[in-house]
Amino acid sequence: MSSESLHAPRQRLTIHTLTHHQAIASLMEELEAVDWYKQRADDCEDAALKDILLHNMREEMEHACMVMEWLRRSDSDWAEQMSTYLFTEAPITEVEEAETGGNGPVGGGDAQDEAAPEKGRASPPAGFTIGTLKDNGE
Ligand SMILES: [Fe+2]
């Protein structure tokens, strides 16, 4: 594991912090790869190669999202921030203001509005639902 980007002595870091360092470093690499592929695709004059570069860019996006999902599942602070900001429709700064009352990041203040998390949230998809899977004896 790369330790050149650690900002504290390794022996003083928890396994949680070290594991998250691995995930964050990997996420940074995936995002950088997305950027590189996109730029190369923009600059590429061969249509077939451009398609390949864009395909590869989308695969890097997939990798980045897989790591982001791992972060969400393994850390409640990430989960809280993602729950607040991702898949919302309102202007992002308004989501923050609604969430914090203008008092800074989510989870960092006492002024949290309990009703705010639903503000700006995209509606769940309408239509098909599965319903209960319990055997009710009928
Ligand atoms: Fe990747």
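## The largest pocket

The largest pocket of this predicted model holds about 150 Å³ of space. A pocket is defined on a 1 Å grid over the protein atoms alone, as an open set of points where a 1.4 Å probe fits, with protein on both sides within 12 Å along at least five of seven lines; lining residues have an atom within 4 Å of a point. Grid points are joined across faces, edges and corners, and the volume is the space filled by probe spheres set on them.

The lining consists of Cys65, Met68, Glu69, Arg72, Met82, Leu86 and Phe87. Helix α2 makes the greatest contribution, with four residues; helices are DSSP runs (H or I) of at least four residues, numbered from the N terminus. By class, the lining has five nonpolar residues, no polar ones and two charged ones. In this scheme Ala, Val, Leu, Ile, Met, Phe, Trp, Tyr, Cys and Pro are nonpolar, Asp, Glu, Lys and Arg are charged, and the others, Gly among them, are polar.

## Phe87

Phe87, one of the lining residues, belongs to the loop between α3 (76–85) and α4 (92–100). Its phi is near 60°, a positive value in a residue other than glycine. With a relative accessible area of 71%, Phe87 is exposed (exposed is over 50%, buried under 20%, partly exposed in between; 1.4 Å probe, protein chains only).

## The iron site

Glu30 (OE), Glu60 (OE) and His63 (ND1) coordinate the iron ion at 2.1 to 2.2 Å. Donors are N, O and S atoms within 2.8 Å of the metal (3.2 Å for Na, K and Ca); water is not among the atoms, so the site may look incomplete. Along the chain, the donors follow the spacing E-x29-E-x2-H.

Helix α2 (residues 47–74) carries both Glu60 and His63, which are three residues apart, about one turn of the helix. Glu60 is buried, at 15% relative accessible area, whereas His63 is partly exposed, at 29%.

## Nonpolar cores

The largest nonpolar core comprises seven residues: Val34, Tyr37, Ala41, Cys44, Leu53, Leu54 and Met57. Such a core is a set of buried Ala, Val, Leu, Ile, Met, Phe, Trp, Tyr and Cys residues joined through side-chain atoms within 4.5 Å. Helices α1 (15–43) and α2 each give two or more residues to this core. Another core, of five residues, lies apart from it and includes Ala23, Ala64, Val67 and Leu71.

## Basis of the values

Residues are numbered from 1 along each chain as its sequence is written, and side-chain values use heavy atoms, with hydrogens and water left out. In this predicted model, local features need pLDDT of at least 70 and side-chain atom pairs count only at pLDDT 80 or more, while totals for chains, interfaces and linings use all residues.
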